[in-house]
Amino acid sequence: MKVPKRLQPLVDDGMVDEVLYQLMSGKEAQVYVVRCGDQLRCAKVFKEAQKRSFKQAVEYQEGRKVRNSRRARAMSKKTRYGQKEQEDAWLNAEVDALYRLQSAGVRVPQPLGFVDGVLLMEMIADADGKAAPRLDDVTLTPEVARLYHGRVIAEIVRMLDAGLIHGDLSEFNVLVDADGPVIIDLPQAVNAAGNNSAQRMLERDVDNMRRHFGQYAPDLLATDYGKEIWALYESGDLHPDSTLTGCFEHDTHSADVDDLMAVIDAARLEEMERQERVQMEDDD
């Protein structure tokens, strides 16, 4: 195919030998399958900020550290330079998260380079060597659904033990290769220790997985891994090999009605946004 403009610098520099085809187009990026020597890889081309539907919400960026004090000051202002720095930090977040999570043993694509808003990375392949399907495109038996659910929960635990929460985990950003689930799409990854919304985002990620796998294995719908995982994390007892039960003893004290309504409203808004993203994925 014709080389997209954003990929031309990688071709010119010899990082990419040939652009084969577009694999997908999502809310924040387009992904192409490319040939690098005798290897097939993926090139993720991030869309410009004004063309992305996934907004750089403040809640996702809270707790992220910027090493350069000048950059940090600029990002706190609304100058053109500050906005550019904020955009660069947002794009680099996925690269940083991939390296960090791969070191922690989380199943994510191996990052291979990042040039001008293009992330070159390992292509996750199925048993036939073709690009692996998304979890949403795979039909599961109850037994496999339970197996994959357990593996995804284990990956979430490893991520949290490494200090990160996906923040937007769903059946649309989990691939299924010959060995099972692989987690992708991490520009919004959340700093677990420095973000006030961390617990809610973790529980939302877990609930999304419970809801999806529960379609095939209804017994999973009765589990509550999110609160159990967070309780272990808060107490300092969470480890990659922590034994989980899927049960959690809820507080039976009277709830604050105003706080409860705020949580309900936030959940309703999140669900509306999720449905909009699903619709956009279907349209693409």
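I began with Phe 46, which counts as buried at 2% relative accessibility, where buried means under 20% relative accessible area, exposed over 50% and partly exposed in between, with a 1.4 Å probe and protein chains only. The model is predicted, so I kept in mind that local features need pLDDT of at least 70 and side-chain atom pairs pLDDT 80 or more, while totals for chains, interfaces and linings use all residues. Residues are numbered from 1 along each chain as its sequence is written, and side-chain values use heavy atoms, with hydrogens and water left out.

**Aromatic pairs**

I found 2 aromatic pairs in the structure; rings of Phe, Tyr and Trp (its six-membered ring) pair if their centres lie within 6.5 Å, and planes under 30 degrees apart count as stacked, over 60 as edge-to-face and the rest as tilted. Phe 46 and Phe 114 have ring centres 6.4 Å apart and planes at 80 degrees, so I noted this pair as edge-to-face. Phe 46 lies in strand β3 (residues 39-46) and Phe 114 in strand β4 (residues 111-115), so the pair ties together parts that are 68 residues apart in sequence. Phe 114 is partly exposed, with a relative accessible area of 25%.

**Secondary structure and helix α6**

I recorded 8 helices and 9 strands in the protein chain, where helices (H or I, at least four residues) and strands (E, at least two) are DSSP runs numbered from the N terminus. For helix α6 (residues 198-213) I checked the length: its 16 residues should span 22 Å at 1.5 Å a residue, and the end C-alpha atoms are 23 Å apart, which agrees; the expected span is 1.5 Å times one less than the number of residues. The buried residues of α6 include Ala 198, Met 201, Leu 202, Asp 205 and Phe 213.

**Cores**

I then turned to the largest nonpolar core, which has 51 residues, and among the members that touch the most others are Leu 160, Ile 165 and Phe 213; such a core is a set of buried Ala, Val, Leu, Ile, Met, Phe, Trp, Tyr and Cys residues joined through side-chain atoms within 4.5 Å. Helix α5 (residues 142-161) gives the largest share of this core, 8 residues. Leaving out residues up to four places away in sequence, Ile 165 touches Leu 160, Ala 198, Met 201, Leu 202, Asp 205 and Trp 230, among others, contact meaning heavy atoms within 4.5 Å.

**Cysteines**

How many disulfides does the structure hold? I found 0, a disulfide being a pair of cysteine sulfur atoms within 2.5 Å. The sulfur of Cys 36 is 9.9 Å from the closest cysteine sulfur, in Cys 42, which is too far for a bond. Cys 36 is buried at 8% relative accessible area, and Cys 247 counts as exposed at 54%.

**Backbone**

Asp 116 is not a glycine, yet has a positive phi of about 50 degrees. I placed Asp 116 in the loop between β4 and β5 (118-122), where at 60% relative accessibility it counts as exposed.
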